[in-house]
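My notes follow in the order of the look-ups.

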Amino acid sequence: MNKKPRLPEIIGLLKKSYPGAECSLDHKDPFQLLIATILSAQCTDERVNKVTPALFKKYPGAAAMAAAPPADLEKLVHSTGFYKNKALSLKEASKAITGKFGGEVPRTMEELLTLRGVARKTANVVLGSAYGIAAGVVVDTHVKRLAFRLGLTKETDPEKIERDLMKALPKSGWIWFSHALVLHGRAVCGARTPLCGDCPLKKLCPRAGVTPP
Ligand code: SF4
């Protein structure tokens, strides 16, 4: 990597391409977003969006989902993968929301992390996209790959990547930036075949034209 990343310019170019970047998981409230994000582990948002309408129709809130028969939850989320574990997380997280948090998805990182199936990525998605609270930066597989390629981190551990991004970015950009990177990762900077020739960031990117990662 010999080109120095110039973050303000990267942000400016991403703003032009993805001005209103936001979470692509369909949801109507914080609970639905929490559940959709838990389901999105090792699964595409597109697939999750196919599964959640039937799930939320049958179990629209935390109390209903907490009382759901495990086998029925497993059936409903089966196609998102790891369905046994995910169904258990859905039920246990719903139970905790109902029992400990008065039926409302909590608004702090600390409390969210007590819910089964919730790590920092999920908590950041919920805080940022449901409550508008910038507690951190979402680091998913796209953000991880792009932050590395763009020279914004040398780390591979998501928590360390998040720390680097939090240090480098203005707090006002924490929520938008990760969604923009996700969109750019899907549209242009794919894992196997980054389209560097068509990429608006190519003049600033240390990995432009270089083979993955
Ligand atoms: S120049 Fe290539 S590697 Fe760099 S962000 Fe664009 S597509 Fe990805």
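The model is a predicted one: local features need pLDDT of at least 70, side-chain atom pairs count only at pLDDT 80 or more, and totals for chains, interfaces and linings use all residues. Residues are numbered from 1 along each chain as its sequence is written.

Entry 1, helix H2. Helices (H or I, at least four residues) are DSSP runs, numbered from the N terminus. I called a residue buried if 20 or more other C-beta atoms lie within 10 Å of its own, exposed if 12 or fewer, and partly exposed in between, with C-beta atoms placed from the backbone. In H2 (residues 30-39), 8 of the 10 residues are buried; Phe31, Leu33, Leu34 and Ile35 are among them. I then looked up what these buried residues pack against, and found helices H3 (45-58), H4 (62-66), H5 (70-77), H6 (83-100) and H8 (120-131).

A nonpolar core is a set of buried Ala, Val, Leu, Ile, Met, Phe, Trp, Tyr and Cys residues joined through C-beta atoms within 7 Å. The largest one has 53 residues, and Leu34 and Val126 have the most contacts inside it. This core draws at least three residues from each of domain 1 and domain 2. Not counting residues up to four places away in sequence, Leu34 touches Ala93, Val105 and Val126.

The bounds come from an automatic or database domain assignment. I noted domain 1 as 7-21 + 138-198 and domain 2 as 30-131. Their centres, taken over C-alpha atoms, are 25 Å apart. Domain 1 gives 7 residues to the contact and domain 2 gives 5. On the domain 1 side, helix H10 (residues 158-168) supplies the largest share, 3 residues.

I found 13 residues around the ligand, the closest being Cys189, Pro194, Cys196, Cys199 and Cys205.

Most residues other than glycine have a negative phi. I looked up two with positive values. Gln42 has phi near 55° and is in the loop between H2 and H3; Gln42 is exposed, with 10 other C-beta atoms within 10 Å. Phe82 has phi of about 45° and is in the loop between H5 and H6. Phe82 is partly exposed, with 14 other C-beta atoms within 10 Å.

Note on methods:
Near = placed C-beta within 6 Å. Contact = placed C-beta atoms within 7 Å.
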